[in-house]
Amino acid sequence: MKIKLDKYEQSIARAAELYRPATAKERQKIERVLDKIRKNRNINIRLSDEVLGAIKKRSLREGIPYQTLISSVLHKYVTHQLVDVESIRRPMKISSRKRKHPISGATKRAS
């Protein structure tokens, strides 16, 4: 008796046909990557109710758990990927305040 598969089951069957085992070298590479991303320490941290509340609100907007958000921010900080938005906006604000005088073409500060 032949079993009829629905479209989802057929896609799984097709994917299974494409499966090939990883080589030893590929397995080692995968294991090294997994070792780097595995969480291996628990910490306790004291935060004010105000800060924790703000983190929880932000995590809801981002659609991730608040502890994951905290971990992500810390990771970005230690890998120098955390960006201070104000340090980027400040030069933009300064340059937008300057404008050219319509007749002389001289730079003039906006009041």
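Modeller: A residue counts as exposed when its relative accessible area is over 50%, as buried when that value is under 20%, and as partly exposed in between. Please keep in mind throughout that this is a predicted model.

Colleague: With that scale in hand, is Arg20 buried or exposed?

Modeller: Arg20 has a relative accessible area of 54%, and because the cut-off for exposed is over 50%, Arg20 is exposed.

Colleague: Which residue forms a salt bridge with Arg20, and how should I read such a contact?

Modeller: The general idea is that side chains of opposite charge can pair when their charged atoms come close. In this structure Arg20 pairs with Glu26, and their closest N and O atoms are 3.4 Å apart. Glu26, at a relative accessible area of 29%, is partly exposed.

Colleague: How many salt bridges are there by this rule, and where do Arg58 and Glu62 lie?

Modeller: The count comes to three salt bridges. Arg58 and Glu62 both belong to helix H3, where they sit four residues apart, about one turn of the helix, and their side chains meet at 3.1 Å, N to O. Arg58 is partly exposed at 40% relative accessibility, and Glu62 is partly exposed as well, with 46%. A further bridge joins Arg89 and Glu86 at 3.9 Å, N to O; both of these residues lie in helix H5 (residues 85-97), three residues apart.

Colleague: Turning to pockets, how much space lies in the largest pocket, and which residues are closest to its centre?

Modeller: The largest pocket holds about 870 Å³ of space, and of its 23 lining residues the closest to the centre are Arg41, Ile43, Gln67, Ser71 and Leu74. Helix H2 (24-37) and helix H4 (66-78) are the elements that give two or more residues to this lining, with H4 providing the largest share, nine residues. By class, the lining has 10 nonpolar, eight polar and five charged residues.

Colleague: What lines the second largest pocket?

Modeller: The second largest pocket, with about 420 Å³ of space, is lined by 14 residues, and those nearest its centre are Ile55, Arg58, Leu69, Ile70 and Val73.

Colleague: Which residues form a nonpolar patch on the surface?

Modeller: Ile43, Ile45, Leu47 and Val51 form that patch, with about 370 Å² of accessible area together. Leu47, found in the loop between H2 and H3, counts as partly exposed at 34% relative accessibility.

Technical notes
Residues are numbered from 1 along each chain as its sequence is written. This is a predicted model: local features need pLDDT of at least 70, side-chain atom pairs count only at pLDDT 80 or more; totals for chains, interfaces and linings use all residues. Side-chain values use heavy atoms; hydrogens and water are left out. On a 1 Å grid over the protein atoms alone, a cavity is a set of points where a 1.4 Å probe fits but cannot get out, and a pocket is an open set with protein on both sides within 12 Å along at least five of seven lines; lining residues have an atom within 4 Å of a point. Grid points are joined across faces, edges and corners, and a volume is the space filled by probe spheres set on the points. Ala, Val, Leu, Ile, Met, Phe, Trp, Tyr, Cys and Pro count as nonpolar, Asp, Glu, Lys and Arg as charged, and the others, Gly among them, as polar. Patches are made of residues with over 30% relative accessible area and no salt bridge: like charges are joined within 9 Å, nonpolar side chains (Val, Leu, Ile, Met, Phe, Trp, Tyr) within 5 Å. Accessible areas come from the Shrake-Rupley method with a 1.4 Å probe; for residues, only the protein chains shown count as cover. A salt bridge is a side-chain nitrogen of Lys or Arg within 4 Å of a carboxyl oxygen of Asp or Glu. Buried means under 20% relative accessible area, exposed over 50%, partly exposed in between (1.4 Å probe, protein chains only).
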